[in-house]
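Hi,

Here is the structure I promised to pass on.

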Amino acid sequence: MTLSIDDIRAAADRLKGHIERTPCRHSRTLSEITGAEVWVKFENLQFTAAYKERGALNTLLQLSDNERGRGVIAASAGNHSQGLAYHAARLGIPVTIVMPRSTPFVKVQQTRAHGANVVLEGDNYDASSEVAMKLQVERDLAFIHPFNDLQVMAGQGTVALEMFEDVPDLESLPIPIGGGGLIAGCATVAKSLNPKVEVIGVEPAMYPSFTAKMRGVIGTSGGATIAEGIAVKQVGELSYAISRPLIDEVLLIEEPHFERAVALYCNVEKTVVEGAGAASLAALLAYPSKFKGKKVGLIVTGGNIDTRLLASVLTRELVRDQRLVSLRIIGDDRPGLLATVSAVIGQMGANIVEVAHNRLALDVPAKGAEFDIMIETRDAQHTQEIMEALRECGYPPRAV
């Protein structure tokens, strides 16, 4: 079974007018930060906020009338389910989605809002997929795989087709790998149009399924990654067979790089991106020398991130940049101490976020007091200036 650029062009013709033709824009700031010439494809601007609509719709449009009448079923951690549910509802096709119990609430809620019957079963995608396949047989439904399907891969490949229409001279495509559907489609396009284009896979270090298969070993996958959209324990056999000969390298990414990439998209591009959606930018942050000076196309694959998780990631980035710091100060327990310390911090231009006052800590003198003061500063240098000012006033702090 093969996938060709003609299959992907045919998919693009089917999808025309049904999905967003998302922009691919140059990012001056991300280019300055990473050292590459960065172009960003904003697939989070699809109606369901992810590229997965493409493969789902391409498959739905090729179902027989009999299959449409019986309905479809799929297993998904979120974005495939939303894309499938939305377009199935548009086409009047009944749809059932099996999702892992750990799926972010926002994805479950949005999938149900599109009219799908959602079944929450399994601790991960693989377990949910087993449940979905059993239900397919019991209910005589058409199974639409999120990645291990040629029609799905052809739909996903239309992302790269549009990118090269907008920026024909792209030199490198770092592409997230979960099950392998996106990279199979996009690599087919890239290598067909220009064999010299680098196609680089990007996986969470916690879920190195493609890397393990490349090395012929049984990989150890598991853990709480913010890139849950690509946290797949086993890559698809078909998607692997199609994409492996076209991939130049696969990079493994640790969690801090995913977090920083999500924060950069929010702060620099003013766009909301989920962990998996930020994977390609995370690769540039983790391996800058591999991309320096190259014209790189990044796909923002999705923007369906839980709002509490997004808030946590942005706050953690402030801590990482030392713009949000907790200082511990021990001094005499006398009136006016906190006012004096607060005055120094205020005069230095910082903002006090929170104060904790502890008189009972045993490592503090009986006539002393301990303060934990969380402050917001401009940057790490500003933090150091404030700490030095407190030290000069007789209240030496330490970061905690």
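Please keep in mind that this is a predicted model. I'll start with K52, which touches N79, H80, P146 and Q156, leaving aside residues up to four places away in sequence. K52 sits in the loop between β2 (37-42) and α3 (53-60). This lysine is buried but has no salt bridge, and the nearest side chain of opposite charge, E274, is 9.5 Å away.

Salt bridges do turn up elsewhere: the whole structure has 22 of them. One of them pairs R54 with E43 at 2.8 Å, N to O. R54 belongs to helix α3 and E43 to the loop between β2 and α3, 11 residues apart. Both R54 and E43 are buried. R54 and E43 also belong to one network with K41 and E162, joined by salt bridges that share partners.

Two other pairs may interest you. R70 and D140 meet at 3.3 Å, N to O, in a salt bridge; R70 is in helix α4 (residues 65-70), D140 is in the loop between α7 (125-139) and β6 (142-143), and 70 residues separate them. R101 forms a salt bridge with D123, with the closest N and O atoms 2.8 Å apart. R101 is partly exposed at 47% relative accessibility, whereas D123 is exposed at 60%.

On the cysteines, the count of disulfides is zero. C24 is buried, with a relative accessible area of 10%, and C186 is buried at 0%.

Best wishes

Key:
Residues numbered from 1 in each chain as written. Predicted model: local features only at pLDDT ≥ 70, side-chain atom pairs only at ≥ 80, totals over all residues. Heavy atoms only, no water. Disulfide = S-S within 2.5 Å. Buried < 20%, exposed > 50% of the residue type's maximum accessible area, 1.4 Å probe, protein only. Helix = DSSP H or I, 4+ residues; strand = E, 2+ residues; numbered from the N terminus. Lys, Arg positive; Asp, Glu negative; His and termini not counted. Salt bridge = Lys/Arg side-chain N within 4 Å of Asp/Glu carboxyl O. Contact = heavy atoms within 4.5 Å.
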